[in-house]
Amino acid sequence: MNSAPANIIAEAADWLVKMQDRPLTANEQSQLQIWCAQSSDHQRAWQVAQQLNHSFAQVPEKLGLSVLSRKQTQRRNIIKAISALLVIPTGSWLAYQHSTLASWAADYQTATGEWREVMLADGSKLILNTRSAVNVLFDENQRRIELLEGEIQITTASDALSRPLSVTTEHGQIRALGTIFTVRFDSDYSQVAVQQDAVEIYTAETHKTQQITAGQQIRFSKKHIEPATANQSAVTTAWTRKQLIVDNQPLAEVIAELSRYRKGWLRCDPAVAELRLSGVFQLSDTNVALSNLAHTLPVSVVYRSPYWVTVTKNK
């Protein structure tokens, strides 16, 4: 399934935000019908928006008020969700709905291009990267951080109750052994990089275990743990300083990483996808990063709108 143009997705999000705020007037209902009738893209975008509206209705009232009353964040999340749902298979809707609502209802979360630092009750420091969400569960027996989306860095503190600290994803558990480490969650695997001391990894389904130490990183799924590889701490933690450090990487990979920090769609033309580059890019302003990239490689950055950008071959 193809997506709709970015401006139509944004307009659908605006209508949904308005509906969440108050009932539409008779005139607004008429305007919405006219808007939907403009094209098949308008109709598809609104159909997905209605699916999201149904999901919002399943959120408990008290929670819904706290999550949905933040209009700007709400609008950004709706645009992201509509964009994603327009291109995922229908059969994946229920799984997407569950994970999206869980992220919106998380204890701590960040929007696109946002970073957040949190001091936890035990003195541990948690940094959330862009588009990240976590739940924090501390009781008399454990300290557990549930990573629902995105990427985090944990600097663990000693605990007076000697409770173990762990990070869980749907792929398994990472147990801290007095350490600093990062965890990134993707749909097919979780990735862990250790900056200090060590962690122990447990897979969710096969219960395989492996320990890695400072300077190592590893990827694991619910069933498998890949061999550990070396990591450069300055590179793997660059995002905590709002930087992206690139070392002879394909342009497609760099664009995919930059897109995590940018609202809307950022695409790399296949014709230039294999060009390689190195450098340091500032993530706090992706327009500047893209401009620097265009001065480094024989590519052009084409803006159809602020939310629809393509990196393509120079003409």
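Predicted model: local features only at pLDDT ≥ 70, side-chain atom pairs only at ≥ 80, totals over all residues.

Residues are numbered from 1 along each chain as its sequence is written, and side-chain values use heavy atoms, with hydrogens and water left out.

Let us begin with tryptophan 239. Its place is the loop between α7 (233-236) and β12 (243-250); helices (H or I, at least four residues) and strands (E, at least two) are DSSP runs, numbered from the N terminus. Is tryptophan 239 buried or exposed? With a relative accessible area of 5%, tryptophan 239 is buried, a term that means under 20% with a 1.4 Å probe, protein chains only. Leaving aside neighbours within four places in sequence, tryptophan 239 is in contact (heavy atoms within 4.5 Å) with residues including Trp115, Glu151 and Tyr261. Glutamate 151 is 88 residues from tryptophan 239 in sequence, and 9.6 Å from it in space, C-alpha to C-alpha.

I turn now to the sheet. Its 3 strands form an open sheet in the order β13-β16-β15, with mixed pairing; two strands pair if DSSP finds at least two bridges between them. The edge strands, β13 (265-268) and β15 (299-305), each pair on one side only. Between β13 and β16 (residues 308-313), the pairing is parallel, over 4 bridges. Within this part, cysteine 268 stands opposite valine 311 in β16.

Technical notes:
Buried < 20%, exposed > 50% of the residue type's maximum accessible area, 1.4 Å probe, protein only.
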